[in-house]
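The following note sets out points on the model shown below. It begins with the contact between chains and then turns to the fold of one chain and to a single residue.

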Amino acid sequence: LKGSKKNQSLIKRLNFRRHWQKHLMLLPMLIIYLIFHYIPMTGIVMAFQDYLPSKGYFGSPFAGLKWFEYMFSMNNFGAVIGNTLFISILKLLGGLLASVIFALLLNELCSKRMSSMIQSCVLFPYFVSWVIIANLLKDVVSVDGVLNQTVANLLGETIPFLTNGAWFIVLLVVSSIWKGIGYDAIILVSSIASIDPALYEAAVIDGAGRWKKIRYITLPSIAPTIAMLLILALGGVLNAGFDQVYNLYNTSVISSADIIDTYVFRMGINNGLYSLGTAIGLFKSIVGTILVVSSYKAADKFAGYRIF
Amino acid sequence: MLKRMLSIFCILAIIATVFTACGDETSKSAVKVKGKDGPFAAYADTLKISVLKRELAGTAYPKGDDASNNILTRFIKDKLNIEFDCSWVVDQSQYTDQVDLAIASNSEMPDIYFVDRQQLYLQAASGQIWDMTDIYEKYASDYLKETLSYADSQSIECGTVNGGLYGIPQTSDVGDGVSLVFIRKDWLDKLKLNVPESLNDLISVADSFMKNNVSGSPAGTMGISMAGLGFTWDVFANAYGAYPNLWVDNGKGKLVYGSLSDNLKGAVTKLNSLYNSGIIHKEFAAMEASRLAQYVAQGRLGIFIGPFWYNNNYIINNLSADPKAEWIVVSNLPLEKGGKVATRSWDPAYRWMVVNKKCANPEAAVKILNMYLEMKHGEYADWWFKLQKSEEYITYDMKCWTPIYFAPAAKNCKTAVNLEAAFENNDTSSLSAEELYNYNELMDNPKESAIYRSAYLTWFGEFKQLNDMLDTLVFDQYKGPVDTTYSAMMNTLQEYETETFVDMIMGKRSVNDFDKFVDEWYKQGGNSVTETVNNWYSKK
């Protein structure tokens with residue numbers, strides 16, 4: 001929005017009379033957000049209580065910061081946060097790199113039909129649930145699986161993807177990139193498409209080959225988009241992918257693959273420590289909020305990206 | 001983005017907000033019985049009982065019937081004038097999770113539902129369920145009391161909270177959690193090997209299976225099945241005289257945690273060497289029974305360790321795929337030939353029936369249990385099994401239709417003994433209705449069929465051996481309350497324990513660290529858990 005409008009009042013800016021149809025269309029979303037995202041926030045109170053389901057919010061005794069103290073005194077909490085950050089950052093950087101390369105390669109394809117076909121194929125795994133993918137994946141990368149049989153024929157030994165901590169993280173990162181690359185590339189592909197073709201024509205006249213075109217035109221043009229994606233993704237850095245890890249991990253890799261969400265799930269739901277689960281969730285949300293706000297500010301500053 | 005970040009505690013919160021609002025229903029008034037009250041007394045007016053039913057996946061009903069209205073519920077209506085409302089049906093495998101969520105969300109529970117020990121304590125402590133002590137005493141039939149007090153009433157003890165019987169145990173077959181070792185007999189014969197009589201025999205058999213690639217599969221023959229620290233772990237630990245995950249008396253009137261026993265070192269060392277030599281699968285930690293079952297079906301795995309139902313669920317696939325396949329079962333393997341061993345068993349019950357405080361006729365729950373027992377295993381068993389065999393119902397599994405389900409723990413063992421006698425004397429006159437049904441099931445199928453071979457393994461292998469083991473089975477000796485503090489602590493410690501042992505078996509950690517593990521276990525909360533357990537034990 002332009003600076004001149006900044007000083008107008010919010011009501012005036014929303015301009016209900018003129019855009020009432022659009023506001024009407026927005027209403028269901030607002031209601032959904034209210035019901036599923038704002039009302040449930042009252043549940044935060046559980047983090048400060050010894051919550052008992054049978055007594056509810058009002059009957060459960062107040063516990064102060066007991067669960068937060070408990071959380072920080074737990075032996076493995078530090079390790080769990082470390083795992084979360086490590087896995088998440090690897091996924092973030094790897095995913096971004098892979099999708100940039102993929103978008104660039106897609107752009108180099110001459111046939112438009114071919115390129116859109118490939119894009120839809122690559123996008124497909126994004127829509128498949130991790131429950132299904134994890135089970136397929138376990139079969140593929142297990143010691144007797146297709147992948148390891150091939151590896152065994154070539155190298156003479158198998159790779160313990162499912163039972164070795166380091167290899168398991170490789171599996172997590174690679175499979176998450178594979179699953180998400182199509183979706184991540186969408187925004188990059190469209191940003192490449194919006195580059196002025198005149199720039200390329202001029203470069204060709206100056207004798208630039210494909211390589212030079214990528215280096216001097218495409219990459220600099222999409223750099224702000226890349227920066228924006230990176231900065232926005234920082235806000236979600238504490239989400240290392242519950243669905244994926246929960247469906248893939250096992251005891252032998254738990255020390256290197258246990259992330260905050262899986263930990264909360266086991267403590268909160270399986271062990272019935274609802275208050276502890278909420279406390280950890282709240283802690284995560286606070287850190288997440290700080291990251292979102294600061295990365296939004298950073299996106300504005302470095303990439304000129306803003307919503308409000 | 002924020003949405004996903006909040007997701008976990010949002011789930012918790014949604015549950016809490018949406019459902020805390022559910023108000024109290026005015027409790028119904030009690031329905032009276034006709035004439036004299038007793039275990040089988042019918043009600044004067046039709047009594048409606050709602051049940052949170054657990055159902056086996058794929059349960060089918062004849063046309064027009066459903067969970068609340070089928071031949072069995074109509075029978076109970078006829079006898080007791082009780083009608084069922086089973087509008088809330090949950091898949092068996094998700095039952096515990098669903099009840100967990102229902103409790104967490106404080107939702108309106110039906111009159112009758114089934115809980116585990118942790119849930120039982122929570123519900124009893126919050127006063128939401130009936131104390132059934134007197135009701136059970138007055139209304140349970142002698143047959144029911146005898147059935148549910150199997151193995152020194154330990155399941156009744158587990159159902160007791162603060163001196164009151166809040167949960168009525170739903171016993172299941174004692175073999176449900178006893179490890180048996182299934183072996184390909186045809187492979188033993190092919191290599192001219194004897195049936196193993198000890199754990200060390202078993203290991204050398206596995207070794208020759210693999211070395212000779214007895215299966216002939218190009219992918220090779222596999223050694224001994226192992227999926228995480230489950231049934232195979234029990235076999236090895238028990239042979240070394242250790243009982244992981246169980247509280248056992250140390251002989252001085254104190255309960256100690258079995259996973260800390262020095263004997264376990266031997267089992268871990270052994271498994272580590274088997275892991276290194278490849279007899280135990282490299283990915284045992286990530287293995288699941290269903291994947292092992294695939295290897296069995298493909299004929300690559302000839303030593304399969306698990307409870308009796310692995311036969312009907314998994315081995316039968318191999319039997320039908322390979323007409324030459326022949327399986328035998330061995331159990332109670334000592335370390336060395338001639339040695340002594342006692343095998344661990346799960347508790348006879350791992351679910352308890354509880355009755356909602358809002359139900360005005362709690363005694364109806366007990367009457368239903370009485371009636372079910374008579375229907376399936378007592379007075380009306382003839383009717384049941386005749387019906388099951390009838391043309392109309394033969395394609396269905398009738399026991400899936402009852403709103404409640406439990407089984408006398410040692411019933412199948414007794415059946416095995418009686419069947420053997422009937423076979424030898426060729427005389428079926430002394431068999432009960434259910435035994436006769438099993439006998440015919442066996443006789444009606446040709447000897448080469450997979451069904452016959454599997455049933456033969458069940459009755460002349462598995463349950464015959466289980467019957468011999470009945471008196472020596474080792475159960476968990478802690479039957480006290482499982483409150484949230486205890487269970488959370490125990491779950492955390494168990495995670496730590498499993499991780500440690502898996503690492504040791506895989507060689508990531510040395511077995512010499514065992515003492516360090518024990519110290520650490522006590523430090524991380526084991527001390528307080530041991531104290532809780534022994535407080536209960538000393539008062540017993």
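1. Contact here means heavy atoms within 4.5 Å. By this criterion, 46 residues of chain B are in contact with 51 residues of chain A.

2. This is a predicted model, in which local features need pLDDT of at least 70 and side-chain atom pairs count only at pLDDT 80 or more, while totals for chains, interfaces and linings use all residues. Residues are numbered from 1 along each chain as its sequence is written, chains are lettered from A and ligands numbered from 1 in the order in which they are written, and side-chain values use heavy atoms, with hydrogens and water left out.

3. Chain B and chain A bury about 4,100 Å² between them, and 63% of this lies on carbon and sulfur atoms. Buried area is the accessible area (1.4 Å probe) that two parts lose on being put together, summed over both.

4. The rule finds three salt bridges across the interface of chain B and chain A, a salt bridge being a side-chain nitrogen of Lys or Arg within 4 Å of a carboxyl oxygen of Asp or Glu. The side chains of B:Glu288 and A:Lys138 form a salt bridge, with an N to O distance of 3.2 Å.

5. On the side of chain B that touches chain A, at least two residues each come from α1 (2-20), α3 (95-104), α12 (289-297), α19 (484-505) and α20 (514-539) of chain B. The most is given by α1(B), with 14 residues. Helices (H or I, at least four residues) and strands (E, at least two) are DSSP runs, numbered from the N terminus.

6. Chain B has 20 helices and 13 strands. Its C-alpha atoms fill a box of roughly 70 × 60 × 55 Å along the principal axes. Among contacts in chain B with a separation of 6 or more, 74% join residues 24 or more positions apart.

7. Buried residues make up 56% of the 540 residues in chain B; buried means under 20% relative accessible area (1.4 Å probe, protein chains only), exposed over 50%, and partly exposed in between.

8. Where is B:Leu260 found in chain B? B:Leu260 lies in the loop between β10 (255-257) and α11 (264-277). B:Leu260 is buried, at a relative accessible area of 11%. Leaving aside neighbours within four places in sequence, B:Leu260 is in contact with B:Phe514, B:Phe517, B:Val518, B:Trp521 and B:Tyr522.
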